[in-house]
Amino acid sequence: MEPAERAQAARDRVPRIDPYGFERPEDFDYAAYEEFFSTYLVILTRRAIKWSKLLKGSSSVQKSMTDMNRTFPDNVKFRKSADPCLQKTLYNVLLAYGHHNQGVGYCQGMNFIAGYLILITKNEEESFWLLDALIGKILPDYYSPEMLGLKTDQEVLGELVRTKLPAVAALMDGHGVLWTLVVSRWFICLFVDILPVETVLRIWDCLFNEGSKIIFRVALTLIKQHQAFILEATNVADICEKFKEITKGSFVTECHTFMQARLLEPRACRQTRGATCLESSGCCPSSCAISQGVVFPKVGRV
């Protein structure tokens, strides 16, 4: 077929209006688009087939999902009386991921992350692939049985505090308080059920864009902003209570101001797991992908 005939044939097959309602320009290359989309469609089809297979069968993952019913008890969409009830969607996403990544299976904390993704995307397959990106690529070893990545990063935070906020580090050391005691939920739940929803979603925007270094920036920002308050603690119980209190209030509720504050945090070198420095690398936009419920097309390979 001649190029002109091929172009006309593609123009006849591809709609003049795109799926988002925009009219395609007069000089739109229909043939190139059709060629791209034919490849893209293969990827989407392959992923859809894999997704359907992951939902089938039974495994030990089901037995370990005992805390799933306790996910967001204060969210009406996860209550059994809801129509539809998102508990079934959450179950499907977690079951599929357990089959997909048997080395991880199911770990406590994953239900809160998957639950947020479901609320944002309103689509269980898209939630699954985003969960896979987080657990499999951005935060490797956070949710493995040994949780080596999680433990390492909590120790890294302790060293960063020792460098940047020595008075806080001295308080922790003086009372023998391990960082895992006060920040483990920050890391494992990625601030879900800890910070306000809008703030968590903006943190996640940066997490998907910049990687795990955003978790350190947020943690350091919280501790630095409330350093004087934390230093008032006189015992272990008091320290733990103050670390709970610093995740509340107007500072964390005003999500844009909070995210700007974390960008002002000076660079801090992360020495472990092959990562580079934690210096700021641009502003988190106010119109964000995750926080606005936008999910980018799944163009990667399975």
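Me: Taking contact to mean heavy atoms within 4.5 Å, what share of contacts between residues at least 6 apart in sequence join residues at least 24 apart?

Reply: This is a predicted model, where local features need pLDDT of at least 70 and side-chain atom pairs 80 or more, while totals for chains, interfaces and linings use all residues. Residues are numbered from 1 along each chain as its sequence is written, and side-chain values use heavy atoms, without hydrogens and water. For contacts in the chain between residues at least 6 apart, the share joining residues at least 24 apart is 68%.

Me: What percentage of the chain's residues count as buried?

Reply: Buried is under 20% relative accessible area, exposed is over 50%, and partly exposed falls in between (1.4 Å probe, protein chains only). The chain runs to 302 residues, and the buried share of them is 45%.

Me: How far does α7 reach from its first C-alpha to its last?

Reply: Helix α7 covers residues 148-164, so 17 residues in all. Its expected span, 1.5 Å times one less than the number of residues, is 24 Å. The reach in the model is close to that, at 24 Å.

Me: Which helices do the buried residues of α7 pack against?

Reply: Gly149, Leu150, Asp153 and Gln154 are among the buried residues of α7. Further along α7, Val156, Leu157, Gly158, Leu160 and Val161 are buried as well. The helices that the buried residues of α7 pack against are α8 (166-174), α9 (179-188) and α11 (213-225).

Me: Which residues is Asp132 in contact with, leaving aside its neighbours within four places in sequence?

Reply: Asp132 sits in helix α6, residues 124-138. Asp132 counts as buried because its relative accessible area is 10%. Setting those sequence neighbours aside, the contacts of Asp132 are Tyr97, His100 and Lys137.

Me: How far apart in space are Glu125 and Ala96, C-alpha to C-alpha?

Reply: Glu125 is another residue of helix α6, and Glu125 is buried because its relative accessibility is 17%. In sequence, Glu125 and Ala96 are 29 residues apart. In space, their C-alpha atoms are apart by 9.3 Å.

Me: Why does Phe36 count as partly exposed?

Reply: Phe36 belongs to helix α2, residues 30-54. Phe36 is classed as partly exposed because its relative accessible area is 44%.

Technical notes:
Helices (H or I, at least four residues) and strands (E, at least two) are DSSP runs, numbered from the N terminus. Contact means heavy atoms within 4.5 Å.
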